[in-house]
Amino acid sequence: MENKNTQLNLKNGPEKGLKRDLETNQLSMIAMGCAIGTGLFLGSGLAIQAAGPSVLLSYAIGAFIVLLLMGCLAEMTVAHPTSGSFGAIAEMYMAPMAGYLVRYSYWIGNVLAVGVEVSAVSVYMNYWFPTVPGIVWILLFAGILIYVNVTSVNTFATFEYWFSSIKISAIIGFILLGSYILFGSSEQSNIGPENFVNEGGFFPFGLKGMWIAVFISLFSFLGTEMIAVTSGEAKDPDRAVPRALKATVFRLSTFYVLTMGIMLMIVPWKSAGIEESPFVKVMDILNIPGASGIMNFIILTAALSAMNAQLYASTRMMYSLARGKNAPGFLGKINKRGVPAKALAVSTTGIFLAAAVHSLLPGSSYAFMMGICMFGAMFTWLMIFISHLFFRVKWEKTGGRKLPVRMMGFPYLTILGAVLLFSLMITSWFTDFKIMLQFGIPWLLFLTIAYFFSKRRNMNQNPEEESLEEKIE
């Protein structure tokens with residue numbers, strides 16, 4: 001069967017029911033909202049401590065990997081604009097089990113990330129209300145964002161648009177203020193490009209430190225793939241998705257490299273860390289009254305925005321699993337507003353899990369939770385590269401329609417992206433983020449066993465029903 005019919009099956013099968021209301025600018029802002037969270041405002045300090053000034057190269061390499069990833073994803077998403085996205089594509093072009101592993105891994109990664117962000121919110125609110133228990137803020141903001149997500153996709157997108165606008169405006173403001181300190185003020189004598197080579201040179205921890213920081217930098221880019229997840233609810237995916245992907249990668253790369261460069265020229269790299277945002281340190285140098293409160297508000301907004309987007313992503317992935325009979329059927333139901341409310345409810349479990357971890361490991365919960373969250377996302381990214389290799393070969397073999405977006409340098413750049421990403425995953429075993437593989441490998445084994453039990457149950461219940469892969473052959 002031709003690929004155009006494959007696309008039709010997806011729209012009318014597991015992905016049927018969601019409303020196509022999202023515009024190009026909303027898609028970009030959703031992805032930006034998910035990507036610009038505590039990973040940039042707080043996690044950047046962790047990357048600087050690992051690599052020193054060479055963290056600039058780390059973020060550049062991370063941006064290059066994401067650029068390759070977005071090229072592959074744009075091509076496949078235009079062909080199959082579905083909320084199941086890369087999970088549905090892995091199922092169709094590789095194997096049903098591959099789609100199962102990708103969907104559940106991406107789901108758990110976002111579920112845990114939601115919890116990380118909402119736990120951070122309680123810490124930020126403590127700045128203004130030190131006597132109020134943190135659990136109050138966790139429940140309050142979780143309730144608000146659950147309401148936003150359960151109302152309608154347009155309500156969600158509107159909130160995310162404004163959340164992201166605040167963060168982007170803050171980053172632009174930071175770049176302007178930092179530039180003023182560097183070039184418009186003669187009072188500061190210990191700032192400038194010389195900070196790139198002071199305190200041990202540009203590579204104080206060698207190439208090893210720079211490479212480890214690439215892994216950390218990718219945490220700041222997580223969420224760019226959100227555009228593919230939202231494509232199932234985009235008005236004009238053929239036009240909106242490629243534009244949104246290109247704009248998002250360009251903005252993130254520019255913002256990260258510029259902000260990190262300015263930050264390192266103003267604040268000596270040895271002063272960076274995760275006990276306080278490097279952004280706050282720069283604001284302190286400006287000596288603006290209330291600067292710490294302003295930055296605290298911006299970081300709070302960043303956490304809420306990322307949480308909002310991650311809750312959306314995990315909900316749609318669980319919905320896709322249920323529609324494909326890989327999760328309980330009731331999770332595939334939508335309410336009268338076109339929102340999978342029951343899948344949303346299940347996807348909030350990370351909020352309570354992360355709150356518990358934060359209570360048990362208050363000093364190391366951030367790095368611990370980052371490591372666990374990273375596996376789901378990085379495994380998904382790796383599978384996107386591999387899926388693209390299968391996708392392009394099969395698409396051309398079956399004579400599908402001409403794609404408006406094509407990944408350049410195929411298959412070499414696709415393979416390069418996969419190799420770089422896989423190498424970084426292996427590298428994590430020799431770092432403080434070893435927890436990623438310690439969690440991830442057992443997780444994949446558990447999913448593999450669960451898949452075969454699920455497949456056997458479905459065959460017993462519906463022995464004559466074809467799989468999605470069989471329907472498109």
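**Surface charge and salt bridges in a predicted helical model**

Lys325 is placed in the loop that runs between helix 14 (291–323) and helix 15 (341–346). The model described here is predicted. On the surface, Lys325 gathers with Arg323, Lys333 and Lys342 in a patch of positive charge.

The protein as a whole contains 20 helices and 0 strands. Of its 473 residues, 59% are buried. Among contacts between residues at least 6 apart in sequence, 84% join residues at least 24 apart.

Thr427 is found in helix 18 (residues 412–427) and counts as buried because its relative accessibility is 16%, the limit for burial being under 20%. When neighbours within four places in sequence are left aside, Thr427 is in contact with Trp211 and Ile212.

The count of salt bridges comes to 4. In one of them, the side chains of Arg392 and Glu75 meet with an N to O distance of 2.8 Å. This pair links distant parts of the chain, with Arg392 in helix 17 (residues 365–397) and Glu75 in helix 5 (residues 55–79), 317 residues apart. Both Arg392 and Glu75 are buried.

A salt bridge is also formed by Glu91 and Arg103, whose closest N and O atoms are 2.7 Å apart. Because Glu91 lies in helix 6 (residues 85–93) and Arg103 in helix 7 (residues 96–125), the pair ties together parts that are 12 residues apart in sequence. Glu91 and Arg103 are both buried.

Arg392 also takes part in a salt bridge with Glu396, the closest N and O atoms being 3.7 Å apart. Glu396 and Arg392 are 4 residues apart in helix 17 and are therefore separated by about one helical turn. Glu396 counts as partly exposed because its relative accessibility is 45%, whereas Arg392 is buried, with a relative accessible area of 5%. Through salt bridges that share partners, Glu75, Arg392, Glu396 and Arg406 are joined into one network.

Note on methods
Residues are numbered from 1 along each chain as its sequence is written. This is a predicted model: local features need pLDDT of at least 70, side-chain atom pairs count only at pLDDT 80 or more; totals for chains, interfaces and linings use all residues. Side-chain values use heavy atoms; hydrogens and water are left out. Patches are made of residues with over 30% relative accessible area and no salt bridge: like charges are joined within 9 Å, nonpolar side chains (Val, Leu, Ile, Met, Phe, Trp, Tyr) within 5 Å. Accessible areas come from the Shrake-Rupley method with a 1.4 Å probe; for residues, only the protein chains shown count as cover. Lys and Arg count as positive and Asp and Glu as negative; His and the chain ends are not counted. The place of a charge is taken as NZ of Lys, CZ of Arg, CG of Asp or CD of Glu. Helices (H or I, at least four residues) and strands (E, at least two) are DSSP runs, numbered from the N terminus. Buried means under 20% relative accessible area, exposed over 50%, partly exposed in between (1.4 Å probe, protein chains only). Contact means heavy atoms within 4.5 Å.
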